[in-house]
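Work through the exercises below with the sequence and the coordinates at hand. Each task is followed by a worked solution.

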Amino acid sequence: MKVDVQIKSVLASLVGDRVYPDVAPEGTLRPYLTYQQTGGDALNYLEGGIPGKRNARIQVNAWADTRLAASELSEQAEDALRLAASLQAKVLGARVSIYEEDTKLRGARQAFSVWY
């Protein structure tokens, strides 16, 4: 199963299915989550075989109207990813608070290493 499908599946229940790759559509109800692949570890076999699993570094962004709501949603997303056995998610660092000047949205971003 593709990593995008798995990420959305794990996170969708937190925000009523408002989970989007890269950016949310304009006018999306808040809170919502976005995610993007920002790299990952490549597996290479000496004999040139195709690996049975792949790795991705996934950044998850929680967006809300208040700092508290964004932080709480980000924490819920972290917990959900940690518990998703199919992704074997590893947290790569603590969340970072962000503020989007144009939209006045508060956010939190966090990176994970996942295997799929």
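Predicted model: local features only at pLDDT ≥ 70, side-chain atom pairs only at ≥ 80, totals over all residues.

**Exercise 1. State the order of helices and strands, and decide how compact the protein is.**

Step 1. Two helices and six strands are present.
Step 2. Along the sequence they follow the pattern α-β-β-β-α-β-β-β.
Step 3. The radius of gyration is 15 Å, close to the 13 Å that the globule rule gives for 116 residues, so the protein is as compact as a globular protein of that length.
Step 4. Along the principal axes, the C-alpha trace spans about 50 × 25 × 25 Å.

**Exercise 2. Find the largest nonpolar core and the elements that supply it.**

Step 1. This core has 21 residues, and those with the most contacts inside it include Ile 7, Leu 33, Val 60 and Leu 81.
Step 2. At least two residues each come from helix H1 (3-11), S2, S3, helix H2 (67-83) and strand S6 (105-115).
Step 3. A second, separate core has six residues, among them Ala 24, Tyr 32, Ile 98 and Leu 105.
Step 4. Beyond its neighbours within four places in sequence, Leu 81 is in contact with residues including Ile 7, Leu 11, Val 60 and Phe 112.

**Exercise 3. Describe the largest pocket and its lining.**

Step 1. The volume of the largest pocket is about 280 Å³.
Step 2. It is lined by 16 residues, and Ala 24, Tyr 32, Trp 63, Thr 103 and Leu 105 are the closest to its centre.
Step 3. Strand S2 (32-37) gives the most to this lining, with three residues.
Step 4. By type, the lining divides into six nonpolar, six polar and four charged residues.

Methods:
Residues numbered from 1 in each chain as written. Heavy atoms only, no water. 1 Å grid on protein atoms, 1.4 Å probe; cavity = no way out; pocket = protein on both sides within 12 Å on 5 of 7 lines; lining within 4 Å. Points joined across faces, edges and corners; volume = space filled by probe spheres on them. Helix = DSSP H or I, 4+ residues; strand = E, 2+ residues; numbered from the N terminus. Nonpolar A, V, L, I, M, F, W, Y, C, P; charged D, E, K, R; others polar. Core = buried A, V, L, I, M, F, W, Y, C linked by side-chain atoms within 4.5 Å. Buried < 20%, exposed > 50% of the residue type's maximum accessible area, 1.4 Å probe, protein only. Contact = heavy atoms within 4.5 Å. Rg over C-alpha atoms; globule rule 2.2 N^0.38 Å.
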